[in-house]
Amino acid sequence: MSVANTFMKFKDSLFKAYAGDGGKMLVHMGALGWVFSSAAQLGAILTDKKIDKKKKKFLLPQEASDAAVNVVMYYSLCDLIKRGSDMAVERGYIIPGDIVDRILSLKPSKLAAVDRSNWRSLFSKEELKSLSKTFSNYTKMSMFENANGLDKRNIRNVMALVQEDFKSFKNGMGVFAAIFASVLACNLVTPYVRNKLANVVQKELNKKEERAVRKEQIVQNITTQLPLPNSMRVFNNYNKYSNIKI
């Protein structure tokens with residue numbers, strides 16, 4: 001397979017995945033950006049010859065924990081808000097007035113008048129779980145099945161406009177939700193969680209370093225210069241966290 005064909009297939013797959021959902025693309029690209037930036041930061045520390053091995057041993061775990069928080073928190077928060085926006089639109093909790101007016105115009109003539117604020121009553125609970133699916137299969141709607149010939153013709157004519165407007169609105173809301181979630185994650189939630197985790201990691205690394213330094217000092221200053229007798233070898237592992245004082 002040629003490089004051109006491979007690129008075309010890749011491009012087509014991207015188009016199918018994101019053409020009707022710009023918000024999903026923003027969430028995925030944002031998370032991918034965090035992955036690349038975190039990898040670059042870790043790579044810079046690993047390859048920097050000016051940083052000694054002991055400092056790298058301290059920096060790498062801290063940077064790795066920061067990278068994990070950045071990626072996980074960004075993606076999970078953005079994806080959660082984006083999905084919440086999609087669900088609110090799909091169930092009709094968020095919908096523009098012009099789409100509501102078109103939906104009301106679909107009402108069969110034999111049904112009682114419906115108030116604009118109560119337009120959801122035209123659909124069953126099952127149909128309200130996913131309006132985009134309901135609109136795409138409108139011939140199976142209870143409203144369509146209870147309509148006469150003239151009303152069915154009207155529903156067919158108007159439904160194409162309803163589907164197009166609803167899809168555009170959902171896509172726009174998804175983009176707005178993804179941008180809002182990105183700002184929230186990058187400027188508020190992620191920095192707070194990252195700092196909390198960094199403090200925990202730093203304290204643990206400091207403790208390990210202090211134990212290692214203390215142990216090395218004891219070995220060099222006591223056991224090396226004046227070896228302890230066999231009966232006192234237990235004190236070789238003495239450090240400042242023990243309860244024994246010298």
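Modeller: Gladly, and let us begin with a term: a contact means heavy atoms within 4.5 Å. This is a predicted model, so a word on its rules: local features need pLDDT of at least 70 and side-chain atom pairs count only at pLDDT 80 or more, while totals for chains, interfaces and linings use all residues. Residues are numbered from 1 along each chain as its sequence is written, and side-chain values use heavy atoms, with hydrogens and water left out.

Biologist: Let me try contacts, then. Which residues does Met141 touch, not counting residues up to four places away in sequence?

Modeller: Met141 touches Phe123, Glu127, Thr134 and Met159. You will find Met141 in the loop between α5 and α6; helices here are DSSP runs (H or I, at least four residues), numbered from the N terminus, and strands would be runs of E, at least two. Along the chain Met141 and Phe123 are 18 residues apart, yet 7.7 Å separates their C-alpha atoms.

Biologist: Is Met141 buried or exposed?

Modeller: Buried means under 20% relative accessible area, exposed means over 50%, and partly exposed is in between (1.4 Å probe, protein chains only). Met141 has a relative accessible area of 1%, so Met141 is buried.

Biologist: Next, the aromatic rings. How do I describe a pair?

Modeller: A pair of aromatic rings is described by the distance of the centres and the angle of the planes. Rings of Phe, Tyr and Trp (its six-membered ring) pair if their centres lie within 6.5 Å; planes under 30 degrees apart are stacked, over 60 edge-to-face, and the rest tilted. By this rule there are four aromatic pairs here. Take Phe123 and Phe135: the ring centres are 6.2 Å apart and the planes stand at 65°, so this pair is edge-to-face. Phe123 sits in the loop between α4 (97–104) and α5 (131–136) and Phe135 in helix α5, so the pair ties together parts 12 residues apart in sequence. Both Phe123 and Phe135 are buried.

Biologist: What kind of pair do Tyr138 and Phe144 form?

Modeller: Tyr138 and Phe144 are edge-to-face, at 5.8 Å centre to centre with 80° between the planes. Tyr138 counts as buried at 17% relative accessibility, and Phe144 is buried at 5%. Elsewhere, Trp119, Phe123, Phe135 and Phe166 make up one aromatic cluster.

Biologist: Phe123 and Phe135 keep coming up. How should I read a core?

Modeller: In soluble globular proteins, nonpolar side chains tend to be buried together. A nonpolar core is a set of buried Ala, Val, Leu, Ile, Met, Phe, Trp, Tyr and Cys residues joined through side-chain atoms within 4.5 Å. In this model the largest nonpolar core has 24 residues, and those with the most contacts inside it are Ile103, Phe123, Phe135 and Met159. Two or more residues of this core come from each of α4, α5, α6 (142–145) and α7 (149–223). The largest share, seven residues, is given by α7.

Biologist: And which residues is Phe135 in contact with, leaving aside its neighbours within four places in sequence?

Modeller: Phe135 is in contact with Ile103, Phe123, Met159, Val162, Gln163 and Phe166. There is also a second, separate core of eight residues, including Val27, Cys78, Ala181 and Ala185.

Biologist: Last topic: charges. How many salt bridges does a search of the whole structure find?

Modeller: A salt bridge is a side-chain nitrogen of Lys or Arg within 4 Å of a carboxyl oxygen of Asp or Glu. The search finds seven salt bridges. One of them joins the side chains of Asp21 and Lys82 at 3.0 Å, N to O. Asp21 lies in the loop between α1 (3–18) and α2 and Lys82 in helix α3 (residues 53–90), so this pair ties together parts 61 residues apart in sequence. Lys82 counts as buried, at 3% relative accessibility. Asp21, Lys82 and Asp86 are linked in a network of salt bridges.

Biologist: Where do Lys170 and Glu90 lie?

Modeller: First, the side chains of Lys170 and Glu90 meet in a salt bridge of 2.6 Å, N to O. Lys170 is in helix α7 and Glu90 in helix α3, 80 residues apart, so the pair links distant parts of the chain. Lys170 counts as partly exposed at 25% relative accessibility, whereas Glu90 counts as buried at 8%.
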